[in-house]
Amino acid sequence: MIRSRFRDFDWMLLSFVLVLSVVSVLEIRSATAMTKFHGFQQKQMVFLAVGIVGMFVISLIDYHRLLEIAYWAYGVSLVSLVAVWLVGTKVLGARRWINLGGGAHFQPSEWVRLVLILVAARFFWQIVESGRDLSWKDIGKAFLLIGVPLAMVLKQPDLGTSLTYLPVLVAGLFLGGIRFKQAGIILLAIALLGGIGLSSGRLLKPYQRARLTSFMNPDSDRQASGYQIRQSLIAVGSGGLWGKGSNKGSQTQGDFLPIPYTDFIFAAFCEEHGFIGAVGVLLLYFLILVRLIQNAQTAADPPGSLIIMGVAGVLLFQIAVNIGMCVGLMPVTGIPLPLMSYGGSSIIYMFLALGIVMNIRMRRFVN
Amino acid sequence: MDLDSVDRKEKLSATRLQVSQYGVALVLVVLGCWLWRLQILGADTYRVLAEQNRVRKVPVLAPRGRIFDRYGRILVDNYPSVTCYLLREQQKDLDADLPMIAAGLHIPLEQIQDTLRNFQYAPKYQPIPLKQDITPDEQAFIEAHRNELPELETLDEQRRLYPKDGFAAHLIGYVGEVSENDLNQERFAAYEPGDVVGKSGIEETYDSILRGTDGSRDIVVNSHGREVGQMGQELAVPGQDLRLTIDLDVQMAAEKAMEGKIGSIVAMDPHTGEILAMVSRPTYDPNQFSVRLSSAYWKSIMENPDHPMMNKAIQAQLAPGSTFKIIMSLAGLQENVAQSLRVMCNGGGMFYGQFHACDKHHGMVDIQNAIPWSCDTFYYTLAEKLGIDTIARYGSSVGIGQKTGIDLPEEASGIMPSVLWKLKTQHQPWYPGEVISVGIGQGALEVTPLQLARAIGGIASGGVLARPHVVFADELRADELSAIRSTYPGSGDKTIPLTNANWQIITDAMAQTTAPGGFDTAAAAHMDGIDFAGKTGTAQVMSHSALARTGGGHSTVPNAWFVGIAPRRNPDIVVAVLWEHGNWGNNSAKLAAQVIDAYVTEQRARAGNLQKVAAAPKPVQTPDGAGGTAPAGQ
């Protein structure tokens with residue numbers, strides 16, 4: 001019975017994900033060996049176990065049921081974001097967590113992203129199903145749908161997480177059939193508005209601009225984003241072809257590299273495992289993403305494809321921004337590297353999203 | 001694909017899905033290329049940066065050599081101390097931290113800024129010494145702010161511990177940070193800013209031997225600057241210990257004798273030129289110089305009119321007064337003038353049309369009496385007969401007017417007047433009448449206590465003069481010795497002609513000086529059981545007419561000289577005493593007697609002829625508050 005249910009389960013995708021998870025656990029172990037966070041790899045393994053169980057559970061739920069309750073969940077999400085604002089725990093100057101008691105914290109913004117993927121899928125499915133072209137009104141609605149929770153998370157402030165809502169919108173618009181002309185106009189408008197805002201200095205005050213890139217790190221000079229990127233570049237570059245070996249990266253072990261087990265885990269990995277290791281990780285991400293897109297192509301219906309492409313879009317965005325940051329191509333925004341960075345909310349989100357993807361795949365021959 | 005027939009319009013664009021795959025590939029390829037750029041092309045650059053991050057060179061300071069007296073008793077030791085350094089390799093705005101550092105280390109902010117300016121052209125890796133000998137409180141401040149102020153670093157080192165109360169301070173000297181001016185000189189080529197260097201005395205002369213070679217450690221640090229390991233090290237070579245010719249017992253007696261007075265005592269072994277004691281008063285505390293000098297202390301030293309920093313044993317250039325009569329006697333006897341000279345002293349006499357006074361009415365005086373009685377009339381006459389150039393020839397032959405070549409910095413040469421000297425320096429002809437003053441050690445004549453000790457010690461040794469020195473030659477390598485000798489040139493070792501008969505006349509007369517009774521000038525300094533000979537000198541610091549104008553006062557009181565020897569021929573020790581404003585040479589004779597007594601007592605003890613002298617003095621201690629031995633009489 002169970003076996004038949006999982007006959008279309010994407011074991012290959014899961015195996016790529018698990019390989020990456022093992023790499024993550026090993027690098028967390030190395031990066032925290034000399035710090036007070038020593039032993040975090042064990043907590044990460046617990047998160048992974050919870051995530052995998054959650055993935056299997058959610059893969060048994062028909063994603064159409066999820067789509068049906070998507071708007072309700074959207075409402076709950078907005079309420080939970082307001083709740084964070086009202087009763088959230090303030091950590092490092094930002095309210096992102098709701099204290100569940102017993103040391104457990106709940107970060108709604110991670111889960112909201114999952115809801116947004118579902119809501120966006122349902123929204124664009126309705127448009128696609130109606131057979132009409134994407135109108136400016138639809139585009140406006142889509143912007144509102146994603147923009148409201150995005151603004152609320154941005155306000156926490158959590159620039160990193162709020163930015164990860166954008167690929168949901170972009171993926172939806174792209175697959176929802178936005179025309180190049182429309183896309184061009186939107187991009188032009190954004191560029192124009194941004195340009196005016198930046199040049200007039202009204203949109204972002206200097207301190208806000210500084211905070212935009214280094215808001216994560218309120219404590220000291222040493223933690224300024226310029227220092228972080230410099231140290232990250234040194235870590236990555238000094239890794240060379242083969243790397244310095246586990247537990248041997250001087251930047252990672254000497255605490256020069258900031259938070260080497262979360263946001264800068266890729267830099268730590270590059271230092272200790274070199275270009276070879278880094279390309280291996282990129283390859284794994286490539287395989288996961290391609291596998292996801294293939295699943296989207298073979299999904300039974302448009303909402304299935306839309307969901308998977310939402311998940312893939314967010315994943316690609318996070319990879320690009322995080323790794324881009326580690327190699328100095330992007331500013332410091334505080335976006336973790338999915339499946340690599342330490343952190344329960346991020347891991348569990350990822351596996352739940354994969355669970356939905358699995359369900360879509362498992363249902364591709366079923367209706 | 002789909003089993004159900006679905007309206008085409010309800011499907012998503014297959015092209016767009018396909019394009020997404022290319023998008024993914026593009027993004028990852030861009031990242032991969034960038035990684036290639038960093039990790040393959042930039043690997044060497046970044047590896048260097050990573051090394052600079054984690055490896056830091058920390059100097060390991062060599063302890064300076066200790067200094068001992070001739071019998072191995074310690075004079076200068078070291079003690080452990082902590083210095084705070086500022087590192088400039090950090091990616092940091094140091095200026096912003098300076099106020100906090102200034103407050104925590106109790107240094108004025110301007111002083112730190114000055115220090116930074118001094119080091120602005122020094123290489124960045126070189127740490128800047130901020131404060132020496134920091135207190136435990138300040139050390140705790142540095143430890144507690146490792147994260148905010150990673151640029152602060154502490155370093156354990158050995159500091160100089162000098163004897164208290166300025167004991168032998170002028171002889172030993174002191175150390176300090178090498179100055180900017182010094183660094184521009186060639187002999188400081190091997191020094192770097194912040195290095196500790198000998199600034200005077202033995203510390204300066206023998207700096208290259210005492211200082212050793214600093215080592216370094218390459219330590220691995222984390223981002224907080226905390227040491228987490230060590231890569232390699234270069235051991236420090238400690239400085240060489242130095243044994244001085246100084247005899248602590250004699251030095252202590254001399255220090256005690258000069259307590260509360262102004263002037264100098266220098267004691268020497270005339271056979272070898274080994275300095276046994278060297279004292280200069282007023283003195284200063286070299287310990288104040290080894291850490292940062294307080295401005296109040298510096299001011300008190302600079303404003304003292306009696307020049308506490310001056311080593312009067314080798315730098316005071318003063319008229320020798322009657323002590324010069326020994327050199328006059330040498331000249332007179334060797335020229336075969338004095339042997340037969342008989343002078344009637346009626347309290348002075350007319351020379352070159354002017355009356356010159358003597359202290360007493362000595363009656364008929366010959367050379368045997370003239371020395372112990374110090375009869376001016378006799379030496380006026382002798383000077384008139386010899387003439388200035390003969391006197392100058394003999395004066396120069398025993399080293400007057402030249403440096404002795406002692407291994408101490410800044411020795412003065414004094415003045416031996418002559419016809420040529422006056423022409424050269426004052427562009428004036430010599431007036432024959434001027435010779436009369438020179439005959440009794442006044443006029444333009446100027447000597448240092450050391451010159452006088454060496455000259456008279458040499459005469460008492462039968463005309464054998466030795467180069468004075470404070471460090472045994474066998475402590476040094478040949479090249480070091482020749483370097484010292486060429487740095488401090490002087491008249492050095494020499495022998496002058498002196499007949500046996502003349503030698504006996506002079507030395508017997510000097511012994512008569514301290515004989516009890518009669519006109520003998522230093523009778524009060526007589527010591528039973530010690531063959532103590534010598535010559536007094538009472539040198540006017542003002543002419544009689546000037547004295548009458550000013551009406552006297554302490555600074556007008558004559559300088560009291562005495563040069564003592566024991567035993568009278570081939571003496572083992574010669575002691576020159578200069579007591580500025582000591583009024584009568586007789587007073588200085590009593591100080592010399594104390595020094596010689598200490599020497600003889602010690603020698604007898606060492607030979608096992610005495611039960612016990614005073615217990616061996618502890619290192620770096622001085623006789624406290626002795627003083628008060630100023631004699632009441634003349």
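## Packing of H10(B) against H24(B)

Asp249(B), Val250(B), Ala253(B), Ala254(B) and Ala257(B) are the residues through which H10(B) meets H24(B), where the partners are Leu591(B), Gln594(B), Val595(B), Ala598(B), Tyr599(B) and Glu602(B). By class, this contact of H10(B) with H24(B) comprises eight nonpolar residues, one polar and two charged. The model described here is predicted.

Helix H10 of chain B covers residues 248–258 and helix H24 of chain B covers residues 585–606; the two pack at an angle of about 160°, and their axes are 9 Å apart. H10(B) is therefore roughly antiparallel to H24(B), the cut-off for that description being an angle over 145 degrees. The crossing of H10(B) past H24(B) is right-handed.

## Helix H20(B)

Helix H20 of chain B, residues 449–460, contains twelve residues. From its first C-alpha to its last it reaches 16 Å, close to the 16 Å expected at 1.5 Å a residue.

H20(B) is mostly covered, with twelve of its twelve residues buried. Among them are Pro449(B), Arg454(B), Gly457(B), Gly458(B) and Ala460(B). After H20(B) comes Gly462(B), which has a positive phi near 80°.

## Interface between chains A and B

Contact between the two chains involves 41 residues of chain B and 47 residues of chain A. On the side of chain B that touches chain A, the elements giving two or more residues are helix H1 (14–41) and helix H2 (43–54) of chain B. H1(B) gives the most, with 16 residues. This side of chain B has 18 nonpolar, twelve polar and eleven charged residues.

Definitions and conventions:
Residues numbered from 1 in each chain as written. Chains lettered and ligands numbered in written order. Predicted model: local features only at pLDDT ≥ 70, side-chain atom pairs only at ≥ 80, totals over all residues. Axes fitted to C-alpha atoms, helices over the stretch in contact; angles between N-to-C directions. Helix = DSSP H or I, 4+ residues; strand = E, 2+ residues; numbered from the N terminus. Parallel < 35°, antiparallel > 145°, perpendicular 65-115°, else oblique. Left-handed = near helix turned anticlockwise from the far one by under 90°. Contact = placed C-beta atoms within 7 Å. Nonpolar A, V, L, I, M, F, W, Y, C, P; charged D, E, K, R; others polar. Expected span 1.5 Å × (residues − 1). Buried ≥ 20, exposed ≤ 12 C-beta atoms within 10 Å, placed from the backbone.
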